Amino acid sequence: QVQLVESGGGLVQAGGSLRLSCAASGGVFRADTMGWYRQAPGKQRELVARFTTGGRTNVADSVKGRVTISRDNAKNTVYTVYLQMNSLKSEDTAIYYCNVLGVHGNDYWGPGTQVTVSS
């Protein structure tokens, strides 16, 4: 059973920074596809940033230049991906979800972590 555990969300003032972490373990999944999505109230879930095949990254235009996605090498079969977010804006307020693909292209999601940016 694939498990994704996010941490690092919270309340921050506009212009501030947060670093989210996601640890993936268990089951079989494509660690090279780990990434982050977010969902604001009343809106659809959207990509923030993720790794793609070949070690490349895909970053949403709305956060480009303000976020950095990075990852650790596997430790004891736990894979960790980070999302460093800077210059946060009120429109970044959302629940942030960690995502990874299974070997058949199916999605695995974490429970989400709330990020609230106060203006």
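The entries below go through the strand, its partners and then the disulfide.

Entry one, the ground rules. I am reading a predicted model, in which local features need pLDDT of at least 70 and side-chain atom pairs count only at pLDDT 80 or more, while totals for chains, interfaces and linings use all residues. Residues are numbered from 1 along each chain as its sequence is written, and side-chain values use heavy atoms, with hydrogens and water left out.

Entry two, strand 11. Strands are DSSP runs of E with at least two residues, numbered from the N terminus. I looked up strand 11, residues 113-118, and noted that Thr113, Val115 and Val117 lie on its covered face, whereas Gln114, Thr116 and Ser118 lie on the uncovered one. In a regular strand, side chains alternate between the two faces of the sheet.

Two strands pair if DSSP finds at least two bridges between them. Strand 2, residues 10-13, pairs with strand 11 in the parallel sense over 4 bridges, and Leu11 has Thr116 as its bridge partner there. Strand 9, residues 94-101, runs antiparallel to strand 11 and is joined to it by 3 bridges, with Ile95 partnered by Gln114.

A disulfide is a pair of cysteine sulfur atoms within 2.5 Å, and I found 1 in the structure. Cys22 and Cys98 form this link with their sulfur atoms 2.0 Å apart, and the link is left-handed, with -85 degrees about the S-S bond. The pair links distant parts of the chain, since Cys22 is in strand 3, residues 18-25, and Cys98 is in strand 9, 76 residues apart. Buried means under 20% relative accessible area, with a 1.4 Å probe and protein chains only, while exposed means over 50% and partly exposed lies in between. Cys22 counts as buried because its relative accessibility is 0%, and Cys98 is buried with a relative accessible area of 0%.
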